Every structure is written in C-alpha cells, then in structure tokens.
Amino acid sequence: MVVTPKVKGFLCVTAHPEGCASNVREQIEYVKEKGAIKDGCKTALIIGSSTGYGLASRIVAGFGCGASTIGVYFEREGNEERERPASAGWYNTAEFTKQAEQAGLYTANINGDAFSDEIKQQTIDAIKKSPTGKVDLIVYSLASPRRTDPKTGEVYKSVLKTIGEEREDKSLDTDRGAIVNVKVPVATEREIFETVKTMGGEDWELWIKALDEAGVIAEGCTSMAYSYIGPKLTYPIYRSGTIGMAKEDLEKTAERIDAILKLYRGKAFVSINKALVTQASSAIPVVPLYVSILYKVMKEKGIHEDCIRQMYRLYADNLYNGNFLDFDDAGRVRIDDLELREDVQQAVFDIWPNVTTENLLDITDYAGYKSEFLKLFGFGRPDIDYSKDVSI
C-alpha cells in the first residue's frame with residue numbers, strides 16, 4: 001500500500017517502513033564513520049530500545065562498541081489485511097536487527113510490557129543465551145503514559161500538570177503552525193503520586209533487582225537512565241511540575257541502584273540530555289516552541305546535536321575510550337551542556353517574547369521541527385519515493 005503521514009495532535013498514527021529503515025541506516029553510518037569506541041560494553045540491555053535515545057543507544061552499543069544487544073520495547077506489528085502499518089519502533093527494530101545480524105552481532109528482541117515480570121524473565125533468558133551470558137551495560141530509556149504494577153495489578157497514569165499554581169504561557173500549536181496561549185492546570189496529590197509511580201525510578205530498580213537475582217549482571221556493569229532539566233523557561237511545566245517530580249525520583253533511585261552495582265565494581269547514574277523532537281516532548285506544552293527556537297540558535301552556532309550524536313558523545317567521550325564520567329553536584333552526567341550554554345540560552349530568551357504566528361517561520365526553526373517530527377515516523381526523507389507501494 002501507499003503509506004502517507006496521518007498526524008493527530010502530537011502523534012503520527014502511520015509509519016513508513018522504508019523511511020524508518022533509512023533513518024536507522026543513516027544513524028548506523030554516522031557511528032561507523034566516527035569510528036570504533038575502545039573498551040566499550042560487550043553486552044548491552046536497552047530497556048526502551050525502539051525509538052529516540054533508546055534506539056540511538058542500541059546503535060552506538062552495537063556498531064560503536066561491537067556489543068551484543070538485547071532490546072526491550074512495546075511496538076505494534078503491521079497488518080496487511082487491515083491496511084494498518086506497524087509502528088515506527090517496530091520498523092526501526094526490524095532494520096536494526098537486519099543490519100546487526102549482517103555485521104555478525106548478537107541481537108535479541110523482547111516485544112511487550114517492560115513493566116511486567118513476564119517480560120523481565122524473557123529478557124533474562126535472552127541475556128543468558130548471549131555470548132557473554134551477562135550484561136555490562138543497562139540503559140533505562142522508557143517513556144510511557146501508564147504503568148501496571150506487576151505486584152498489585154494497579155494501573156497508574158502520568159499527567160502533565162503544574163504543582164502549586166496554574167501556569168499560563170505561550171506555546172506552539174504544531175498542527176496549525178500557530179502561537180497560542182495554554183493553561184496548564186494544577187495537579188492533585190494523587191496525580192503527582194501516580195506520575196511518579198509511572199515515570200519515576202521504581203521500575204528501573206525492579207529491573208536491576210531482577211537481573212541481580214538472576215545472576216546476569218557482569219563485573220564493572222554500568223546502568224544509566226535518561227532525563228532532562230532544561231532552562232528555567234520550562235521549569236513550571238517540566239522540572240517543577242509533575243514530570244519533574246518523577247525525574248527527581250529517578251535520580252534518587254540511581255543512588256540505590258549505584259549501591260547494588262558497586263558490589264560488581266560498577267555504577268549507576270542519570271544522564272541529563274538535551275531537548276529534542278521526540279514523541280514524548282511533542283506532548284508537553286511550551287516545549288515544542290522552545291525546541292523550535294533552540295534548534296535555530298544551535299544550528300546557527302554549529303552545535304546542534306540529534307539523538308545519535310548525543311549518544312555517541314556520551315559513550316565515546318564519557319563512558320568509554322579511557323575517559324572518566326564528569327558528574328555535577330547532584331551526581332548526574334550532563335550532556336545538555338551545549339543547550340544550556342549561556343550564549344545559547346540568551347539567544348533563545350531574546351527570541352521568545354517576539355515570536356508570533358506571523359513570524360514563526362522566520363525567527364524559529366519550526367520548519368525543521370516539523371521535518372524532524374515526521375522523520376520520526378519515516379516520512380520526509382529525500383531518498384524515499386513515497387508514491388510507491390510498500391509492504392507493511
């Protein structure tokens with residue numbers, strides 16, 4: 001069938017198989033061109049491996065470090081009869097697996113609810129079948145709006161709300177390409193609690209404990225989770241809101257996991273990454289406009305990085321290659337350093353109050369934002385003929 005983009009709000013409900021495959025190959029080629037990473041991981045578990053930072057992490061581990069990889073994700077397969085394409089993450093994983101196997105790399109894919117005990121056990125079984133039988137890198141890169149507690153069966157849902165007082169600010173209606181004012185309501189105590197249970201560190205810790213009990217953690221194992229802080233401009237919506245509470249919990253969890261991994265002469269930490277166009281960030285009020293301005297500023301300064309460039313820098317300049325991790329005062333690794341550079345933020349703040357619907361295309365990189373968003377789903381690539389029939 002001919003697959004075209006169908007965008008609903010901050011989601012695209014279709015994905016192009018050849019476009020997604022081309023995205024993956026492009027990232028793999030970038031890593032190959034940058035060169036092998038010395039003393040890298042040997043077997044990596046990526047929890048949330050099918051898109052964004054998780055996919056980029058798996059690509060760098062596999063094609064930068066030469067590692068075996070086990071990917072855990074929750075994606076939809078295509079259905080020819082119903083003319084329903086698979087999700088972008090499904091196509092991404094299929095292409096990664098194809099390329100990795102051609103390169104002689106061990107891969108295992110676990111498709112299901114990463115919060116469940118069943119998927120954890122399937123993952124442990126896959127690790128035991130890997131060449132080393134143990135993992136020396138564990139990446140936690142999940143972003144989910146809901147979570148079912150594996151012990152109680154209770155379902156928790158996350159919300160994007162403020163804490164303390166309602167917030168009103170300008171934002172970007174990405175469908176219409178218009179500047180709008182948005183009001184973000186105040187969360188209840190219960191909503192804060194459920195957001196932390198869904199997006200905090202509890203499941204990361206359950207994964208580490210399960211792997212520890214199964215005896216599949218290697219000596220010197222590193223585990224890292226990804227987070228975001230951003231500028232003060234977005235604090236009320238993000239860092240000081242419900243999502244921020246979940247991220248604080250993630251950071252506290254890192255300390256407990258670090259204590260477990262120290263028994264293996266390993267370590268755990270949270271990596272603070274830069275703002276990017278992702279399915280998750282597109283849903284957060286204010287953030288799409290901020291990202292559109294940020295992209296323009298960083299591109300003009302020649303310091304823009306996408307997912308694969310961020311992850312390669314994290315692995316090559318921080319984790320491995322004989323380097324040492326540089327922690328901030330809170331014990332986090334910061335690869336958002338270019339985004340939060342003083343000259344970058346000043347330029348963003350100079351543009352922010354002047355943005356209108358009329359000048360949006362001139363003083364921001366809204367065009368780049370939209371292009372990156374569609375690219376997440378395999379659309380808008382110059383090397384793909386989207387008028388052709390493809391197998392889904």
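Modeller: Happy to! Leu 11 is partly exposed, at 35% relative accessible area (buried is under 20%, exposed over 50%, and partly exposed in between, with a 1.4 Å probe and protein chains only). This is a predicted model, where local features need pLDDT of at least 70 and side-chain atom pairs count only at pLDDT 80 or more, while totals for chains, interfaces and linings use all residues. Residues are numbered from 1 along each chain as its sequence is written, and side-chain values use heavy atoms, with hydrogens and water left out.

Leu 11 sits in strand β2, residues 11–12 (strands are DSSP runs of E with at least two residues, helices are runs of H or I with at least four, and both are numbered from the N terminus). Together with Phe 10 and Val 13, Leu 11 makes a nonpolar surface patch of about 230 Å². Such patches take residues with over 30% relative accessible area and no salt bridge, joining nonpolar side chains (Val, Leu, Ile, Met, Phe, Trp, Tyr) within 5 Å and like charges within 9 Å; the areas come from the Shrake-Rupley method with a 1.4 Å probe, and for residues only the protein chains shown count as cover.

Further along, Pro 17 belongs to helix α1, residues 17–34. Pro 17 counts as buried, at 13% relative accessibility. Leaving aside neighbours within four places in sequence, Pro 17 is in contact with Tyr 91, Val 390 and Ser 391 (contact means heavy atoms within 4.5 Å).

Glu 29 is partly exposed at 39%, and Lys 32 is partly exposed at 45%.

As for the context, the whole structure has 30 salt bridges. One of them joins Arg 190 and Glu 194 at 3.0 Å, N to O; here Arg 190 is partly exposed at 40%, whereas Glu 194 is buried at 15%. The protein comes to 12 helices and 13 strands. Of its 392 residues, 56% count as buried.

Note on methods:
Salt bridge = Lys/Arg side-chain N within 4 Å of Asp/Glu carboxyl O.
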